[in-house]
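Subject: Structure for your review

Dear colleague,

My notes on what was found in it follow directly after.

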Amino acid sequence: MTTRLSLFDSPMFLGFDDFERTIDRLKKSSDGYPPYNIEQVSENHLRITLAVAGFTMNDLDIELEHNQLTIRGKQVDDQNEKRIFIHRGIAARQFQRGFVLADGIEVTGASLDSGLLHIDMTRIIPEPQIQKIKIKDKKASKPTQVIEMDKEE
């Protein structure tokens, strides 16, 4: 039996089990197509760029469900019988590429330019919230009073 150590085994990361399973699932499901870049455009702006040459806007679909960003591409295979290929190296292909976005990342838009699909995102910085937790002193707390009531007969 092999025990796998993970960053998420640390007691500082309580409740991140689902996140770790999602990362493992994404590692197993990616086949490398289409190639992509993730870049930090400015301090709070990110961009994912996918190389989707040959796809039109109608062939592409972008969906965000919770923190899961999914990009799908589906080309229709041209079955035109009048075309005779001497060599066919460009095939109609479909793909699905997923990204797990961190909390506070908001997708602001997408654009298609010269075979590159750009998905722009902004990191929302929440205002810090400080919450005071009241500490109860069990020894100083008063016992609950029991009040007996006379029953009328």
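A residue is called buried here if its relative accessible area is under 20%. By that cut-off Thr-70 is buried, because its relative accessibility is 9%. Please note that the model is predicted.

**Thr-70 and the strands around it**

Thr-70 belongs to strand β4, which covers residues 68–74. Apart from neighbours within four places in sequence, the residues in contact with Thr-70 are Asp-61, Ile-62, Glu-63, Gln-96, Arg-97 and Gly-98. Strands β3 and β4 run antiparallel and are joined by six bridges. One of the residues in contact with Thr-70, Asp-61, stands opposite Arg-72 in β4. The hairpin formed by β3 and β4 has two residues between the strands, and His-66 in this hairpin adopts a positive phi near 55°.

**Aromatic pairs**

A pair of aromatic rings is described by the distance of the centres and the angle of the planes. How many such pairs does a search of the whole structure find? The search returns three aromatic pairs.

Tyr-36 and Phe-99 make up one of them, an edge-to-face pair with 5.1 Å from centre to centre and 85° between the planes. Tyr-36 lies in strand β1 (residues 36–42) and Phe-99 in strand β5 (residues 94–100), so this pair ties together parts of the chain that are 63 residues apart in sequence. As to accessibility, Tyr-36 is partly exposed, with a relative accessible area of 37%, whereas Phe-99 is buried, at 8%.

Phe-55 and Phe-95 form another pair: their ring centres are 5.3 Å apart and their planes stand at 85°, so this pair is edge-to-face. Here too, distant parts of the chain are linked, as Phe-55 is in the loop between β2 (45–51) and β3 (60–65) while Phe-95 is in strand β5, 40 residues apart. Phe-55 and Phe-95 are both buried.

**The ring cluster and a charge over a ring**

Which residues do ring pairs link into a cluster? The cluster consists of Tyr-33, Phe-55 and Phe-95. One of its members also has a charged residue over its ring: Arg-93 lies over the face of Tyr-33, at 3.7 Å from the ring centre.

With kind regards

Note on methods:
Residues numbered from 1 in each chain as written. Predicted model: local features only at pLDDT ≥ 70, side-chain atom pairs only at ≥ 80, totals over all residues. Heavy atoms only, no water. Phe/Tyr/Trp six-rings, centres within 6.5 Å; stacked < 30°, edge-to-face > 60°. Helix = DSSP H or I, 4+ residues; strand = E, 2+ residues; numbered from the N terminus. Buried < 20%, exposed > 50% of the residue type's maximum accessible area, 1.4 Å probe, protein only. Lys NZ or Arg CZ within 6 Å of the ring centre and 35° of its normal. Contact = heavy atoms within 4.5 Å. Pairing = 2+ DSSP bridges.
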